[in-house]
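Visitor: I would like to learn how to read a feature in a model like this one. Could you walk me through it?

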Amino acid sequence: AEHAGEFDRIIDLSQRFPGFIFPCLGVHPVQEVSPGQQRGAVLQDLDAALPLIERYRDHLVAIGEVGLDFTPRYVSGDTEKDNQRQVLIRQAQLAKELDLPLNKKSVYVLQPALLHAFDGKPSVAMEGVKAGYYFSIPPSIIRSEQQKLVKQLPLENICLETDSPALGPEKQVRNEPGNICISAEYISKIKGVSLQKVMEATTQNALRLFPKLKSVVRP
């Protein structure tokens, strides 16, 4: 999720498709004000979100997507950056209280976490590995610098994702959940291991990160 307005719909989808859709709720660091206009998250964005997260706590596998995004078109100064940090810190605190991992864009939180679409330096990623973080790889890997990252990351710290409808194998073409196989196949190629090994390892990683999945997913 990205904002509180999506929460009820996401929970509804998870209840309509049990064992297939597993919800994460959180406030994204970038919030849409109107079509085509976005800003950085502020603490007021949590006013509606936190009570709903508490209400649906038993349904959730993680808090997210949360994090930091200091892209200049969203954030124009230190005040806006600090606002995002405070929003992230509060959600990290809640995740700890609820014993849930974070699905996030930042490595600066001491909490079990999945780093979504990480595009930083591999050397920085290895610090995340030391902290026990996981990195999810989308189908866009076939056309991105993440190939260098995957070469260095231990398979034990890699998960699969699509981030549909974004981050597909073709730029500006709508991505779909079925493209997750592209991520697995490309990781297999880069690592020089079998596709089966990638599938087994990433499944086990997901089950360690999201233990609630163990009741419905067979390893």
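**Binding site and domain contact**

Guide: Happy to! Let us begin with the record: the unreviewed UniProt entry places the feature "binding site" at Glu 65 and Asp 163. Although these positions are spread over 99 residues of sequence, they cluster in space, with a largest C-alpha distance of 10.8 Å. Please keep in mind that this is a predicted model.

Visitor: In which strand is Glu 65 found?

Guide: Glu 65 is found in strand S4.

Visitor: And how is the chain divided?

Guide: The chain has domain 1, covering 1-103, and domain 2, covering 112-218. Their C-alpha centres lie 21 Å apart. Twelve residues from domain 1 and ten residues from domain 2 take part in the contact.

Visitor: How should I read the size of such an interface?

Guide: The general idea is that interface size is often given as the accessible area lost when the parts come together. In this case, domain 1 and domain 2 bury about 840 Å² between them, with 65% of it on carbon and sulfur atoms.

Visitor: Which strands each supply at least two residues of the side of domain 1 that touches domain 2?

Guide: Those are strand S4 (62-66) and strand S5 (102-104). By class, that side of domain 1 has seven nonpolar, two polar and three charged residues.

Notes:
Residues numbered from 1 in each chain as written. Predicted model: local features only at pLDDT ≥ 70, side-chain atom pairs only at ≥ 80, totals over all residues. Heavy atoms only, no water. Domains from an automatic or database assignment. Contact = heavy atoms within 4.5 Å. Buried area = accessible area lost by both parts, 1.4 Å probe. Helix = DSSP H or I, 4+ residues; strand = E, 2+ residues; numbered from the N terminus. Nonpolar A, V, L, I, M, F, W, Y, C, P; charged D, E, K, R; others polar. UniProt positions renumbered as here; feature names shortened; annotations may be inferred.
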